[in-house]
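Welcome! Have a look at the sequence and the 3D view below, and then let us walk through them together.

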Amino acid sequence: MSGEFKRREVKKVRVPVPEQDPHVRIRNFNEVALGYSLEQALEEASRCLQCHVKVAPCIKNCPVLVNVPGFIRKMLEGDMKGALEVIMETNSLPGITGRVCPQEEQCEMNCIMGKLGDKINIGKLERFVADYAREHGIRPEVRIAPPTGKRVAVVGSGPAGLTAAADLRKMGHEVVIFEALHEPGGVLVYGIPEFRLPKEIVRYEVEFLKSIGVKIYTDVVIGKTLSLYDLLEEFDAVFLGTGAGTPNFLNVPGVNCLGIYSANEFLTRINLMKAYLFPDYDTPVKRGRRLAVIGGGNTAMDAARSGLRIGYEEVYILYRRTREFMTARIEEIAHAEEEGVKFMFLVNPVAFKCDENGWVRAVTLIRNELGEPDETGRRRPIPIPGSEFDLEVDAVVIAIGQRPNRILYQEVPELEVTRQGTIVVDDKYRTTLRGVFAGGDAIRGEATVVLAMGDGKKAALAIDEYLRTGEWPERIVPMKIAAD
Amino acid sequence: MFEIVGKRELAPNIKWIKVKAPLVARNAKPGQFVVIRLHEKGERIPLTLFRWDKDEGTIELVFQEVGKTTYELGTYEVGDAIADVVGPLGRPTHIENFGTAVVVSGGVGAPIGYSVTKALKEAGNYVISIIGFRNKQLVILEDEFREVSDELLVTTDDGSYVRKGFTTDVLSELLESGRNVDYVFTVGPVIMMKKVADITRKYGIKTYASLNPIMVDGTGMCGACRVTVGGQVVFACVAGPDFDAHQVDFDELLKRLAMYREEERLAMERFLQMRQVSVVGR
Ligand SMILES: Cc1cc2nc3c(=O)[nH]c(=O)nc-3n(C[C@H](O)[C@H](O)[C@H](O)COP(=O)(O)OP(=O)(O)OC[C@H]3O[C@@H](n4cnc5c(N)ncnc54)[C@H](O)[C@@H]3O)c2cc1C
Ligand SMILES: Cc1cc2nc3c(=O)[nH]c(=O)nc-3n(C[C@H](O)[C@H](O)[C@H](O)COP(=O)(O)OP(=O)(O)OC[C@H]3O[C@@H](n4cnc5c(N)ncnc54)[C@H](O)[C@@H]3O)c2cc1C
Ligand code: SF4
Ligand code: FES
């Protein structure tokens, strides 16, 4: 086998991924990246050098340690079910991670092929395997350990909660997920738009969890419908994967003008409530001519591109630093540019101006210059006095970050949280309340899907250990969480 | 799915329903609300808990048909089910023994006013209820209020029932007459609540209002419900819906409620058209 790989000529160039034409796609919510055909996928797979699992940098740099060369080999052997099973040994949501992970800074970052040519397109291969399996009705075989008689409650059905639930279920525990919204998936269903992550895929992966026996109750807000104490009475352990869903607003005059949205509201209306199909669906969203989106992360890109698709003719991204400091995925920034989103750098809103009926008419911006690096290593934007100017707009989306929602722990004084509102955990994801674990954006603040999944996995291991041993430390020593 | 187990029309376009929702009933407190979604294509709207029964596992809602969703809910009958009912949401109304409390409720604010009145009474207050409606036909919950109030004052805008005038006229008279009032709670149209606040401010009476901004999730996730209270932006669904009425920017709230007026009209027209077609089709 290995001899065969060595003999083969190295294909330096990546097999390109077919995409919808930008002029066409800004009129619809269909997926932009179309994904590989079988032939294309196998050709791209054949470029992999099959580094040994012990040293393959792609595995090491994946937060959930997907055996990349392993699944690629199965693909090349024509065993798609095998490929899926290799991925799903460590990753319960491959159709999702294959689409939304920032692979360029994870598995693909140090891919050895990068020394000879283009790095392997690992994300698109993972996506291909998941899609192929879904379309061909291929189900992975999962081993479920015999029942342990223990029950675990998972709060929140985002990537952290779903992953923890899947792993705990496989360990033989009974698992119940409680979700506040009417549909499971967290940011995957209310935040990330259909054109990047079709909801059908999220639903399919959630269905898989149900098929292995995970129960999901929607419309249950822990802290309101049931308290955390209620859960502790009924369950042997609890995992909190409640995310960072509360939007930050700018503290500037006019922020409550009509037509100013948080990105969360704008995206929730569009994605979860399908306002782009209004009035077929009942939830409205404001349409207009010119939209300004404030921020430079994935959320800002998603809001801007959604804006185009609901009919805004001109969409601006207003960002306070420069292009290289934007935190959005490179692929998505490129997509936004192709679609005609206009970028304005080094500007910061200082006020919004409304008309007499309260509608936003302009955003007043001040120009910035870059100063010394701040604690995140990015150069701090410093406003230039007297440089204010107005940009006329019909609507504004504020996408300057989110913090954890406190609704859950408002009435749980034992649960220690940081000043930013993130839940304090130790290196085994234990909170300061016995039997309660947490992970994902709830402990990190806004991070990524796969980091949340990694937390869910590691927390599941720790929960399993706790259920078997009953051990709990006297004092929780806070884990260091790298600032994003 | 949440089954409707009781339904009545209280007045033209004002309906009462009883819904099976055991978990909501179990933890409900006065002043809290639920967010409901009728079906797959529906929007999420907030409605206040009027009454609830833990043992029976039911909640009662009173709603006014004002637009597409509430009209459609009005067509639901006993045995039909609502896709989603989430709650109880919001902070419960702060209840203590203040002494003499006045509850001023306007129109379809009455069901909220009722649950608060009942709780204030149970906490030992002497409670005066002022309820106002546009006209005689629209008067609802009079008997219920009488049961839990020490005094009940009813008004109609046009004088077609009991006395003519606004609730705020009655409140002014009461305070001018020198009655000693320790606490006022108000719920109803924004204009009314604003006027109540203006009146009690002069007397320095502690006053709380239950606000009704546009909501989506109702759990603090979106900020659609944000209001300015004491110069600070807060989310009414998690910090409220009750706030110190003397601190609320009512003018801003009023403007923000109009945000989707055009779309609401469009949705309503379409709904009526489709109903007509289906009626004719039958
Ligand atoms: C618009 C947008 C685009 C993004 N794009 C990307 C991307 O391309 N790639 C990437 O890797 N990351 C992306 N992210 C970040 C990523 O989505 C998050 O890091 C990830 O979803 C966090 O997962 P989680 O499970 O911790 O929380 P979430 O996904 O936030 O899920 C939390 C869930 O808990 C529920 N919940 C909260 N409180 C309660 C309660 N009290 N009771 C019951 N349920 C509750 C919420 O309703 C929610 O469903 C994006 C984020 C946003 C907002
Ligand atoms: C916390 C809270 C509790 C509420 N409790 C009740 C209740 O117990 N009973 C009840 O009948 N209504 C209640 N409301 C108001 C109710 O949510 C709205 O009437 C409903 O959303 C209207 O939906 P619609 O699609 O039928 O009408 P829409 O098409 O949305 O609106 C039609 C018209 O109704 C008015 N309207 C819309 N939203 C509101 C609102 N939030 N408050 C006042 N007027 C509005 C507007 O003027 C609009 O033009 C409550 C609102 C909040 C925020
Ligand atoms: S590092 Fe690159 S070439 Fe090596 S196994 Fe991983 S994907 Fe293949
Ligand atoms: S309704 Fe979304 S934050 Fe209040």
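How far does a polar side-chain atom of B:N212 lie from a nitrogen atom of ligand 2? The distance is 2.9 Å. Before going on, note that this is a predicted model, in which local features need pLDDT of at least 70 and side-chain atom pairs count only at pLDDT 80 or more, while totals for chains, interfaces and linings use all residues. Residues are numbered from 1 along each chain as its sequence is written, chains are lettered from A and ligands numbered from 1 in the order in which they are written, and side-chain values use heavy atoms, with hydrogens and water left out.

**Around ligand 2**

- Ligand 2 is surrounded by 21 residues, and the closest are B:P46, B:V62, B:Q64, B:T70 and B:N212; here a residue counts as near if one of its heavy atoms lies within 4 Å.
- An oxygen atom of ligand 2 has a backbone N or O atom of B:T69 3.1 Å away.
- These pairs are polar contacts, meaning pairs of N or O atoms within 3.5 Å; within protein, one must be able to donate a hydrogen and the other to accept it, and residues adjacent in sequence count only if both atoms are side-chain atoms.

**Around ligand 3**

- Ligand 3 has residues of chain A around it, including A:C48, A:C51, A:C58 and A:C111.
- Others in that shell include A:L49, A:V68, A:I112 and A:I122.
- Helices α4 (57-60) and α5 (68-76) of chain A are the elements that give two or more residues to this shell; helices (H or I, at least four residues) and strands (E, at least two) are DSSP runs, numbered from the N terminus.
- By class, the shell holds 11 nonpolar, no polar and no charged residues.
- In this scheme Ala, Val, Leu, Ile, Met, Phe, Trp, Tyr, Cys and Pro count as nonpolar, Asp, Glu, Lys and Arg as charged, and the others, Gly among them, as polar.

- The size of an interface is often given as the accessible area lost when the parts come together.
- Between chain B and chain A, about 3900 Å² is buried, and carbon and sulfur atoms give 55% of that area; buried area is the accessible area (1.4 Å probe) that two parts lose on being put together, summed over both.
- Chain B brings 50 residues to the contact and chain A brings 44 residues, where contact means heavy atoms within 4.5 Å.
- There are 4 salt bridges between chain B and chain A, each being a side-chain nitrogen of Lys or Arg within 4 Å of a carboxyl oxygen of Asp or Glu.
- B:R26 forms a salt bridge with A:D230, and their closest N and O atoms are 3.4 Å apart.
- On the side of chain B that touches chain A, β8(B) gives the largest share, 6 residues.
- That side of chain B divides into 21 nonpolar, 11 polar and 18 charged residues.

**Inside chain B**

- B:I4 belongs to strand β1 (residues 2-11) of chain B.
- Why does B:I4 count as buried? Its relative accessibility is 0%; buried means under 20% relative accessible area, exposed over 50% and partly exposed in between (1.4 Å probe, protein chains only).
- Leaving aside neighbours within four places in sequence, B:I4 is in contact with residues including B:I17, B:V19, B:Y76 and B:I82.
- Helix α5 (residues 167-176) of chain B is mostly covered, with 7 of its 10 residues buried.
- Among the buried residues of α5(B) are B:V170, B:L171, B:L174 and B:L175.
- The buried residues of α5(B) pack against β9 (100-106), β10 (126-133), β11 (151-156), β12 (163-164) and α6 (190-203) of chain B.

**Backbone details**

- Most residues other than glycine have a negative phi, and most peptide bonds are trans.
- A cis peptide bond joins B:G87 to B:P88, with omega near 0°, and B:P88 sits in strand β8 of chain B.
- A:F278 and A:P279 are also joined by a cis peptide bond, with omega about 5°.
- A:L346 has a positive phi near 55° and is partly exposed, with a relative accessible area of 22%.
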